[in-house]
Amino acid sequence: MTSTAVRVDVASAAEVRRRRRSLGGLAVVPLLAFTALAFGLPAVAMLDGAFTVRDPASGATSYTAGNLTASLRGAYLTALLGSVKLSAVSAGLAALLGLPLAQAVVTSRRRALREAVLTASGVLANFGGVPLAFAFVATLGNAGVLTRRFGLTDQGWDLYSFWGLVIVYLYFLIPLTVLTLTPALEGLRTQWREAAQNNGATPVQYWRHVALPVLLPSLLGALVLLFGSAFAAYATAAAMVGSSVPLVTLQIADALSGNVLVGQENVALALSLDMVLVAGLVMAVYLPLQRRSARWLA
Amino acid sequence: MARLNPWRWPVLGLAGLYFLTPLAASVVFTLDVPGQGVTFDAYTQIFSTDGFGSSLLLSLELAVATIAVVLLLTVPAMVALRLGAPRLRPVVEVVCSLPLVVPPIAFVAGIGTVLKWGPEHLSRTPLFQTLVAIQNPGFPVVLVLAYVVMALPFVFRALDAGLRSVDVPTLVEAARSCGAGRRQALVRVVLPNLRGALLNASFLTLALVLGEFTVAQLLGFQPFAVWIVNVSGAQAQLSVAVSVLSLLVTWALLLVLAGFGGRTRTASRG
């Protein structure tokens, strides 16, 4: 008697679990369907367009790798390399300058300072785009406040140049560095430094042999993330420089809107595909690094 | 360890200088116009300038719609994953993270291609009407679709962090033992426990939509960020003034968020 009751119980529990599972599956369906439509469709269209070319006379389309080769040649290649260079330089500088700042914040004993810097970093890392561009135009542009006060133009300063863009990009990349590195720096145990000190290590030796090796995955991960963020940025550059610095995002926008040459839409799609490949590579490097660095934070 | 680091204050000072100078200079730029002396014109003009009200309203409408859609899609799915379909979790995680691999400019290139199919291939089918309808300049639904996709990675992370700190199955079982229906358990027990995560996700989405420029500009719509750029050619002071104001608003929003849910953790944005 009791055993049947138990069996009934088990059966109903299993059924509940099964019902739950199917219900869980149902709740996921709208999300997946939406992503397939709103994200998958454009992605497939981009992929398809990157490999098609249309004959202007007959209107017939055919598959080709010509767009991709065109996207890796001439002005487009210059733009792609320009983007890679700008992103690499700003990411490197951001990591270099952000690390001491993050360390200063982490080791500070004033809680208020820590919270203020971290909240400000959250704001500034999000303060990309158009407002950032205009703040710098007002500061260091041709008619900017600092430019006029110190006569920077006569000394060869130009905001609408490679280094001008680097300075602007650092404004959101350094806070991003602080946000990504703070957890890793917090993971450096005081005991490790004390142990190193007890064994007679100098601070330089401690950093070289203990702290940096532990931080390395996080640092590399941050670098990759910063690179990807700078690489994808468009709004800041578009609002600021127009096309005076060759960047792949600006080239895609020009080709899409037919500013330079008509009929370059498919090359724009091929360039987009190049960008996706670079961004995909970035993610493929970032995720394992993040997992590795997470080990030390446990 | 407890010794003072002499380099800490110079580092913090230099950082403060670098981060505060553009903001201070922007304020000076808008108030002290060459040839006119100190004037508040740039700020008083904002409200009377053509397009300010309509573009800001459009951005806010888009933000509200995007937040509603993205939460309606993700919250039930992620709660369900916690309740009974853990095997689908990796799938959902990958799907929600995929938009990170496609930069906004590449995404909009793809959207533009899809929208062009309308006049080219589908002009005699009802789908064509749909494609036209979602591009209505008064309320471009296509932007909502794009923004939902772009917000997915951030919303997923915010909700995932919130769900991690809540034992959803136990909560639901406790509610059901107390006689609550399934819907009641979700709406009155689970959702209130996720308040912080929901707010976090909403604010991140709001900041994303209000600042979004790439997709809107290339599809030819004029929400707030695009309007600032369009107006900057004629009125430099005005565009900087609006930028300063929009920064202050973002700042206030994120501080509110920080006040609600502890420290803000944000992710990068193109």
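Two residues are in contact if their C-beta atoms, placed from the backbone, lie within 7 Å. The model discussed here is predicted.

Q: What makes domain 1 and domain 2 of chain A count as touching, and how many residues are in contact?
A: The test is C-beta atoms within 7 Å. By that test, 4 residues of domain 1 of chain A are in contact with 7 residues of domain 2 of chain A. On the domain 1 side there are 3 nonpolar residues, 1 polar residue and no charged ones. The domain assignment places domain 1 at 2-50 and domain 2 at 66-297.

Q: How do you know that chain B touches chain A, and which helix of chain B gives the most to that side?
A: The cut-off is again 7 Å between C-beta atoms. Here 71 residues of chain B are in contact with 73 residues of chain A. Helix α1 (residues 8-31) of chain B gives the most to this side, with 12 residues. By class, the side of chain B that touches chain A holds 48 nonpolar, 19 polar and 4 charged residues.

Q: Why is helix α11 (residues 248-256) of chain A called largely enclosed?
A: A residue is buried if 20 or more other C-beta atoms lie within 10 Å of its own. In α11 of chain A, 8 of the 9 residues are buried, so the helix is largely enclosed by the rest of the structure. Among the buried ones are A:Val248, A:Gln251 and A:Leu256. Over the whole chain, buried residues make up 43% of the 298 residues in chain A.

Q: What makes a set of residues a nonpolar core, and which members of the largest one touch the most others?
A: The members must be buried, come from a set list of nonpolar types, and be joined through C-beta atoms within 7 Å. The largest such core has 165 residues. A:Leu173, A:Leu226, B:Ala146, B:Tyr147 and B:Val155 touch the most other members. Helix α7 (residues 141-164) of chain B gives the most to this core, with 16 residues. Both domains of chain A, domain 1 (2-50) and domain 2 (66-297), supply at least three residues each.

Q: Which residues does B:Ala146 touch, not counting those up to four places away in sequence?
A: B:Ala146 touches B:Phe107, B:Ile111 and B:Val215.

Q: How do you know what form the chain takes in the stretches that UniProt calls "transmembrane region"?
A: The unreviewed UniProt entry for chain B includes residues 54-79 and 197-220. Residues 54-79 of chain B are 100% helix and 0% strand, with end C-alpha atoms 37 Å apart. Residues 197-220 of chain B are 88% helix and 0% strand, with ends 33 Å apart. For chain A, the unreviewed entry includes residues 86-106 and 214-237. Residues 86-106 of chain A are 100% helix. Residues 214-237 of chain A are 92% helix.

Q: How many helices and strands does chain A have?
A: Chain A has 12 helices and 2 strands.

Q: Where in chain A is confidence lowest, and where is it highest?
A: The scale, pLDDT, runs from 0 to 100. Chain A averages 82, and 84% of the residues score at least 70. Confidence is lowest in helix α1 (residues 2-50) of chain A, at a mean of 74. Helix α3 (residues 74-107) of chain A is highest, at 90. Over residues 1-5 of chain A the pLDDT is below 50. Where pLDDT is low, the predicted coordinates should not be read in detail.

Definitions and conventions: Residues are numbered from 1 along each chain as its sequence is written. Chains are lettered from A and ligands numbered from 1 in the order in which they are written. This is a predicted model: local features need pLDDT of at least 70, side-chain atom pairs count only at pLDDT 80 or more; totals for chains, interfaces and linings use all residues. UniProt positions are given in the numbering used here, feature names are shortened, and annotations may be inferred rather than shown by experiment. Helices (H or I, at least four residues) and strands (E, at least two) are DSSP runs, numbered from the N terminus. Ala, Val, Leu, Ile, Met, Phe, Trp, Tyr, Cys and Pro count as nonpolar, Asp, Glu, Lys and Arg as charged, and the others, Gly among them, as polar. Domain bounds come from an automatic or database domain assignment. A residue is buried if 20 or more other C-beta atoms lie within 10 Å of its own, exposed if 12 or fewer, and partly exposed in between; C-beta atoms are placed from the backbone. pLDDT is the predictor's confidence in each residue, from 0 to 100.
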